[in-house]
Amino acid sequence: ITIKSTGISLHFNMKKEDVKDLPEDSDMVSRDFLFNLIDSPGHVDFSSEVTAALRVTDGALAVVDCVSGVCVQTETVLRQAIAERIKPVLFMNKMDRALLELQLDAESLFQTFQRIVENVNVIVATYGEDDGPMGEIMVDPSRGNVGFGSGLHGWAFSVKQFAEMYADKFGVEPHKLMKNLWGDRFFDAKTKKWSSSQTEGSKR
């Protein structure tokens, strides 16, 4: 169990093709970034550590166990982040457990992830305002602010990465394809078309 907040610095070099995703008013002069991360405790007894960390950060990465889902302390941490005007990003951890231990199929896995996203957004809507100073703070995989992965095995991905992989194959822009890769969107391999309702032969 984490008792004290721990800091670590990471160097990141942004790919040229990702630069276009930055805001137009960005004053970026280099594609090299230094991220100073603070790993704060998630236990309720050490909430003060979370509050202190939030007051010196520009963003918050809320890590949720994809098997256990959103817990009571998750709501507390999200409430603290919104109160400090820190826009949260969601990361669903321990996907290895869902795949290897529970052996969930694709549809069950999607429903599990969708439920977690909805639960987080309920909390965000309760304590935040979309017309507030932070703008829209809802999390949505199709917007690129939700990640999936396994900290134990050291891998992670987002919907954006898969959209970039298949953009050329489908002949569409990655940001448009992202909307088809999450939610009630179904692809028919025979007709090569997307639809909002599932038909025979189509898959989510």
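Two strands count as paired if DSSP finds at least two bridges between them. Strands (E, at least two residues) and helices (H or I, at least four) are DSSP runs, numbered from the N terminus. The model is predicted, so to speak of local features we need pLDDT of at least 70, with side-chain atom pairs counted only at pLDDT 80 or more, while totals for chains, interfaces and linings use all residues. Residues are numbered from 1 along each chain as its sequence is written, and side-chain values use heavy atoms, leaving out hydrogens and water.

**Exercise 1.** Find how many bridges join β5 to β6, and which way the strands run.

*Solution.* Start with β5 (residues 146–150) and β6 (residues 155–158): four bridges join them, and they run antiparallel. Next, look across from phenylalanine 148: phenylalanine 157 in β6 stands opposite. Last, check the hairpin: four residues lie between the strands, and glycine 154 has a positive phi near 70°.

**Exercise 2.** Work out the strand order of the open sheet, then name its edge strands.

*Solution.* The four strands go β3-β4-β5-β6, with mixed pairing. β3 (60–65) and β6 are the edges, as each pairs on one side only. Now take β3 with β4 (residues 88–93): six bridges pair them in the parallel sense. One thing to look up in β4 is valine 89, the bridge partner of leucine 61.

**Exercise 3.** Describe how α1 and α2 cross.

*Solution.* Take the axes (lines fitted to C-alpha atoms over the stretch in contact, with angles from 0 to 180 degrees between N-to-C directions). Those of α1 (residues 47–54) and α2 (residues 72–83) come within 10 Å and cross at roughly 30°.
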